[in-house]
Amino acid sequence: MNIYAKLTILCLFLVLFTAGVLSFFADQKVEQTLKEEIVTSMTQQSKGISSDIGRFMFSRLNDVKLAAKNSYFYNRNHNPEELTRKLQELESLNNLYYSFSFFDTNRVRIADSKRISIGKQHPNTLYWTKLQEGQDATVDVSKSESVGRVVMHFASRVVDNIGNEYGVLVGRILVDELFKIVGEYSLSSDSSRNLDIQLIDSEGLILYSNTDPSNILTSNYDKFNLISSLNEPGVNFLETQEGLYFVTRETNYLSFNGNDWILILSVPKERAYAPLSQIRNQILWAVIPVIAIAIILSLIAANIFVKPIVKLSNAAEELSKGNLDVELPTGSKDEIGKLAKQMASTSQSLIGQIEEQRQTNKQLIDQKTQIEMQKNQLVSVSSQIRDSISYAERIQRSTLPPISTLRGVFPESFVMYRPKDIIGGDFYWFERVRRGNNEYMIVACGDCTGHGVPGAIMSIMGSNQLTNIIYYQNYLDPKKIISRLDKVIKFELQRETEEVNRDGMEIGICVIDLDTLKMEFAGAGIPLRLMKHGSNEMIIYKTPRQMVGGIEGDEQQVFAQLTKEVIQLDVKDRIFLSSDGYQDQFGGESDKKFMSKNFNKLIEESSDKPILEQQKIIEKTFSEWSKNTSQTDDVCVLGFEIK
């Protein structure tokens with residue numbers, strides 16, 4: 001797609017986007033204004049209808065209360081016929097009333113203007129309940145027991161001036177008269193946007209409906225749960241997806257306390273916002289000509305601006321093909337002309353730089369050839385070194401005893417051996433030996449100074465000298481083994497006694513009598529960790545912080561500086577020897593050392609598991625701790641369970 005098409009599309013997009021945004025905000029503003037007008041209109045109509053109903057109820061109840069004060073009713077020996085004529089006179093005075101009845105205090109109908117149910121006791125309906133609660137007069141809407149139609153009952157107790165009660169006067173008005181009071185209400189001058197009007201009691205029962213009169217006193221308002229929580233004074237407004245609702249709770253009108261009725265004016269949104277579609281059409285027809293003119297102007301502007309750019313683009317394409325002598329349109333004085341001049345200057349500069357680059361490339365090719373030769377030499381030397389280290393690893397591994405030797409005596413045992421490099425300075429040694437009639441299992445763990453090649457050399461020396469001291473010199477006491485090992489290493493390293501040197505190794509040695517399970521332990525720098533069977537706490541036997549091969553003094557003096565622990569073991573006791581590589585490993589979220597206390601806790605918490613599962617836990621914990629950090633030192637952890 002060329003720049004002309006892109007610029008044309010951009011202009012069209014901006015025109016359409018601007019028109020769309022303006023139309024959207026205009027539509028929102030019109031809808032908001034229409035909504036505000038609807039809310040204002042319906043709020044005022046709600047207040048008017050509520051006031052009309054309150055005034056109507058107050059006036060009719062006052063009619064009955066005034067009639068109840070007529071002295072005709074102050075007679076306990078009423079003449080039913082005479083009372084009937086009086087009730088008929090009351091009915092004729094106001095054509096709103098359908099009928100009047102007079103009851104005695106036992107709810108027995110004494111007289112009725114329609115001569116219906118005279119002499120019968122009236123059921124204990126709502127207005128009777130209110131009168132019995134002490135009210136002097138009350139109103140309710142219900143189906144009349146005598147008339148058989150839905151009526152509004154206006155009831156007043158008949159009481160003389162000194163407080164004697166003679167009965168109850170009840171006036172009935174058909175609920176149809178309420179239609180004349182409420183009438184038809186609309187959002188506009190025509191009848192296409194009429195309001196739905198419902199009057200319900202506090203329980204949701206429909207007392208009046210201009211949409212379906214058949215529901216009066218037979219059904220509850222279907223949106224009662226939705227509007228029941230609207231309790232604010234005045235008109236409460238509620239908008240749902242389907243429509244708009246204006247809810248007004250009945251309030252006092254003069255001395256009339258009301259019946260806690262609820263007036264609901266509602267209108268579906270489709271009916272309420274009917275004028276909005278007409279307004280939208282008007283806006284659309286006004287916007288279309290403007291959009292058309294803007295599109296034509298954008299096409300003209302795009303053509304004017306694009307021509308110089310197309311020429312410059314064609315010249316740039318020739319430059320990209322290597323034609324640096326192409327003619328550039330430098331006649332224009334605008335930004336495009338300036339750009340063309342810069343490109344012409346650049347092309348001339350490039351011609352000179354290309355020639356220089358050719359010379360430089362020739363030199364680089366010669367240097368690359370030399371580098372390739374040196375690289376091949378380094379690869380060859382590196383391969384030889386790696387092969388040598390790999391062979392050294394096999395030699396070192398051959399000096400380490402197989403785990404089967406330890407498991408032949410203690411089946412529940414493991415060794416975690418992880419050198420920092422291919423070869424390392426940690427080593428382990430164990431062997432079953434016989435002295436006379438007794439058999440012993442000797443287990444040792446060593447940590448030589450350094451790692452890599454120097455550490456491996458020291459570890460091989462230490463392993464071989466242990467074999468020599470124990471097998472050929474028949475040493476069995478761990479203190480004597482270590483003091484002799486110190487002497488031998490000093491000799492091997494040609495070290496004078498008084499010389500201060502840190503080269504050597506830390507070591508811990510256990511000698512276990514397999515008949516009595518009595519163990520002797522001695523060490524230098526490596527402690528013994530013991531988990532007694534049935535105990536949750538570890539016993540740690542610490543050793544002097546000395547370096548074998550660097551302890552001051554001769555063999556006897558070294559022997560005197562060492563300590564020996566004699567421990568009686570029991571079946572299922574667990575013994576652990578470890579170099580300091582595990583606890584010194586950096587890692588975790590804060591990149592800190594694992595520390596001895598955490599290592600001890602790890603062993604304590606996992607010692608209730610089978611020892612091979614404990615090994616997996618120890619190895620997994622180490623891997624997770626050090627996953628973001630390179631290994632700090634060689635690691636050797638040795639553990640076994642007494643059988």
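Let's start with helices α13 and α14. Their axes come within 10 Å and cross at roughly 150°. An angle over 145 degrees counts as roughly antiparallel, so that is how α13 runs relative to α14. The crossing is right-handed. Keep in mind that this is a predicted model.

Which residues make that contact? From α13 we have Leu-602, Ile-603 and Ser-606. From α14 they meet Gln-614, Ile-617, Ile-618 and Thr-621. By class, that contact has 4 nonpolar residues, 3 polar ones and no charged ones.

Now the sheet beside these helices. Take α13 to begin with, residues 596-606. Helix α13 lies across β16, β17, β19 and β22. Its direction is at about 25° to β16, which is 528-531. Then α14, residues 611-625. Helix α14 lies across β11, β19 and β22. Against β11, the angle is about 20°.

Those strands belong to an open sheet of 5 strands. Read across, the order is β11-β22-β19-β16-β17, and the pairing is antiparallel.

β19 covers residues 574-578 and β22 covers residues 635-641. These two pair in the antiparallel sense, over 5 bridges. If you want a landmark, find Leu-577. It stands opposite Leu-638 in β22.

On to the other sheet. This one is also open and is formed by 5 strands, in the order β12-β13-β14-β15-β18. The pairing is antiparallel. At the edges are β12, 426-435, and β18, 564-568. Each of those pairs on one side only. Here the twist averages 15° from one strand to the next.

How many bridges join β13 and β14? The count is 9, with the strands paired in the antiparallel sense. β13 is residues 438-448, and β14 is residues 505-513. A landmark here is Cys-445, which stands opposite Gly-508 in β14.

Helices pack here too. α10 packs on the sheet and touches β12, β13 and β14. The direction of α10 makes about 5° with that of β12. α11 lies across β14, β15 and β18, with β15 at 518-524. Against β14, helix α11 runs at about 150°.

How do α10 and α11 sit against each other? α10 is residues 452-472, and α11 is residues 478-492. Their axes come within 10 Å and cross at roughly 130°. The two helices are therefore oblique to each other. This crossing is right-handed.

On α10, they are Met-458, Met-461, Gly-462, Gln-465, Leu-466, Ile-469 and Ile-470. On α11, they are Ile-481, Arg-484, Leu-485, Val-488, Ile-489 and Glu-492. Sorted by class, this contact has 9 nonpolar, 2 polar and 2 charged residues.

Next, charges. Side chains of opposite charge can pair when their charged atoms come close. The structure holds 23 salt bridges. One of them joins the side chains of Arg-115 and Glu-81, at 2.7 Å, N to O. Where do the partners sit? Arg-115 is in the loop between β2, 109-112, and α3, 126-132. Glu-81 is in helix α2, residues 80-93. The pair links distant parts of the chain, 34 residues apart.

Last stop, Val-235. This residue lies in strand β8, residues 235-239. Val-235 and Val-247 are 12 residues apart in sequence. In space they are 5.6 Å apart, C-alpha to C-alpha. What does Val-235 touch, leaving out residues up to four places away in sequence? The list is Thr-43, Ser-46, Lys-47, Phe-246, Val-247 and Thr-248.

Definitions and conventions: Residues are numbered from 1 along each chain as its sequence is written. This is a predicted model: local features need pLDDT of at least 70, side-chain atom pairs count only at pLDDT 80 or more; totals for chains, interfaces and linings use all residues. Side-chain values use heavy atoms; hydrogens and water are left out. Two strands pair if DSSP finds at least two bridges between them. Helices (H or I, at least four residues) and strands (E, at least two) are DSSP runs, numbered from the N terminus. Contact means heavy atoms within 4.5 Å. Axes are lines fitted to C-alpha atoms, for helices over the stretch in contact, and angles run from 0 to 180 degrees between N-to-C directions. Angles under 35 degrees count as roughly parallel, over 145 as roughly antiparallel, 65 to 115 as roughly perpendicular and the rest as oblique. A crossing is left-handed if the near helix is turned anticlockwise from the far one by less than a right angle, and right-handed if clockwise. Ala, Val, Leu, Ile, Met, Phe, Trp, Tyr, Cys and Pro count as nonpolar, Asp, Glu, Lys and Arg as charged, and the others, Gly among them, as polar. A salt bridge is a side-chain nitrogen of Lys or Arg within 4 Å of a carboxyl oxygen of Asp or Glu.
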